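Thanks for making time this morning. I would like to walk through one structure with you, going from a pair of helices to the core around them.

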Amino acid sequence: CVFTGMEVVFLGTSAGGSQAGRNSTSVAVRACGHSQQGSHLWLFDCGEGTYRQLQNSTLSHSQVQRIFVSHMHGDHIWGLASVISANLSERSIDSPPMTLHIYGPVGLYAILSCILEISQVGLPRNTSVAITELEGLDEWHQNELEKKVPGCGHRRNKFRLDAWAKTALNTMEYRDKITLHSLPRDTNGAWTVYEDEWNIVQCAPLRHTVPCVGYAITEKPRKLKIHVEKAIQAGLPPGRAYKTLQQGEDVTLNDGTIIRATDVTIPPDPPRKVVICGDTAKPTSEFAHIAKNADIFVHEATLSDFEMDKAIVRGHSTPGMAGSFARSIQAKWLVLTHFSARYIPSPQRYDALKQSVLLDDQTNTTIDVLLKQAISSFASKNVLAAHDFMALSIPRAGCSADDSSFNHDHQQMQHQDQSNFSNRRQKSYSSPPPSKHRHSSPSSSRR
């Protein structure tokens with residue numbers, strides 16, 4: 001599909017370890033550029049097998065510039081070492097300097113410095129790893145524990161990560177290669193972890209059994225667009241004055257004629273927003289603030305609504321919980337992910353399991369029942385169940401909350417398969433409207 005400047009690709013959609021057809025959690029976001037080649041590639045969580053998933057997709061591991069970690073559970077971080085090693089060690093000495101930036105809770109520096117040093121990963125002289133840990137997240141989680149908030153676990157990690165990390169690096173080589181930075185919280189209780197000319201990435205705490213955050217990627221407001229035909233008719237050919245008009249300022253010609261910006265400009269496309277929620281039993285007000293009006297809202301749905309009590313105890317959510325929160329933040333589209341192994345894809349793609357259609361919702365363990373629950377609580381059919389290699393490209397004008405946009409808008413949010421397995425060629429397809437969404441079944445080549 002045509003690259004629109006912001007694309008979400010699901011590399012792993014499983015809860016816990018990998019399943020047949022589903023890899024451990026990881027989401028790739030391609031953004032920041034006017035073209036696919038000039039875009040940046042960011043990873044949100046990096047479960048075991050993420051490097052293999054990148055290899056089996058049209059994405060390139062060498063383009064990964066930043067990795068954002070939600071929490072320190074293994075199914076969200078066990079793939080970091082292989083991605084770091086492949087990303088940096090394969091670069092030649094003649095390549096431009098490269099720093100791989102990784103953001104997340106306290107503990108990232110300790111575990112990564114240990115793995116990289118003990119395994120003696122060969123990092124070229126022009127490469128490094130910069131780790132930024134979220135200051136105050138541990139204290140926030142401890143406060144939730146003391147208040148006995150459901151879903152936040154029942155014990156504090158007594159392992160002194162800070163003290164251990166100070167002795168983790170013993171060689172000058174790795175001490176120079178891996179740096180640690182601490183990021184304080186903003187006044188609104190969130191963290192602004194990254195910002196460039198195109199986007200801003202923020203995160204906020206979530207209630208889970210360990211310190212956890214969710215991330216929001218928001219485009220910055222663009223400049224006004226010039227209606228070139230009207231500008232020329234007004235006597236102003238293309239030139240430097242157009243930049244002044246794009247800033248909303250009027251331009252005076254040599255003959256005294258005033259060209260008003262409001263007459264020759266077009267409002268820019270609204271900023272787009274992608275929100276990726278980490279594991280949580282209950283999102284916070286801080287997270288709701290940064291997630292408001294998301295075009296795409298990615299939320300976990302580990303268990304069905306029939307097992308809500310079990311989900312909350314384990315720090316997880318159900319489709320109904322995800323839908324309710326998505327509605328409260330006025331999200332346009334809800335994408336479910338992080339499924340328990342008990343939930344299989346739609347029975348239409350599994351001939352041997354067609355009989356499960358005859359079961360009632362409480363005993364039905366297909367993805368369809370999760371979609372049904374989310375649609376009911378979200379009060380909208382704009383719900384998708386993610387599968388590995390599913391890609392969502394957000395139109396530059398943003399997503400529509402009206403499902404009919406999929407039928408009439410040629411710049412619709414496009415859905416394609418990012419896999420290119422045996423011959424490394426890109427294979428894609430266009431999906432039907434989400435209300436009739438078909439879930440790809442994992443073939444033998446996708447395992």
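Predicted model: local features only at pLDDT ≥ 70, side-chain atom pairs only at ≥ 80, totals over all residues.

Residues are numbered from 1 along each chain as its sequence is written, and side-chain values use heavy atoms, with hydrogens and water left out.

Let me start with helix 13, residues 319-328, and helix 14, residues 367-378, which pack at an angle of about 30° with their axes 7 Å apart. Helices here are DSSP runs of H or I with at least four residues, strands are E runs of at least two, and both are numbered from the N terminus; the axes are lines fitted to C-alpha atoms, for helices over the stretch in contact, and angles run from 0 to 180 degrees between N-to-C directions. The two helices are therefore roughly parallel to each other, a label given to angles under 35 degrees.

Which residues of helix 13 and helix 14 meet? On the helix 13 side they are P319, G320, G323, S324, A326 and R327, and on the helix 14 side L370, Q373, A374, S377 and F378, where contact means heavy atoms within 4.5 Å.

How enclosed is helix 13 by the rest of the structure? Seven of its ten residues are buried, so helix 13 is largely enclosed, with buried meaning under 20% relative accessible area for a 1.4 Å probe, protein chains only. The buried residues are P319, G320, M321, A322, G323, F325 and A326, and they pack against strand 16, helix 11, strand 17, helix 12, strand 18 and helix 14. After helix 13 comes Q330, which has a positive phi near 60°.

Turning to the largest nonpolar core, we find 32 residues, with F287, F297, L334 and L336 having the most contacts inside it; such a core is a set of buried Ala, Val, Leu, Ile, Met, Phe, Trp, Tyr and Cys residues joined through side-chain atoms within 4.5 Å. Among the elements giving two or more residues to this core are strand 9, strand 10, helix 11 and helix 13, but helix 14 gives the most, with six.

Finally, if we leave aside neighbours within four places in sequence, F287 is in contact with residues including A204, Y215, F297 and F325.

Key: Parallel < 35°, antiparallel > 145°, perpendicular 65-115°, else oblique. Buried < 20%, exposed > 50% of the residue type's maximum accessible area, 1.4 Å probe, protein only.
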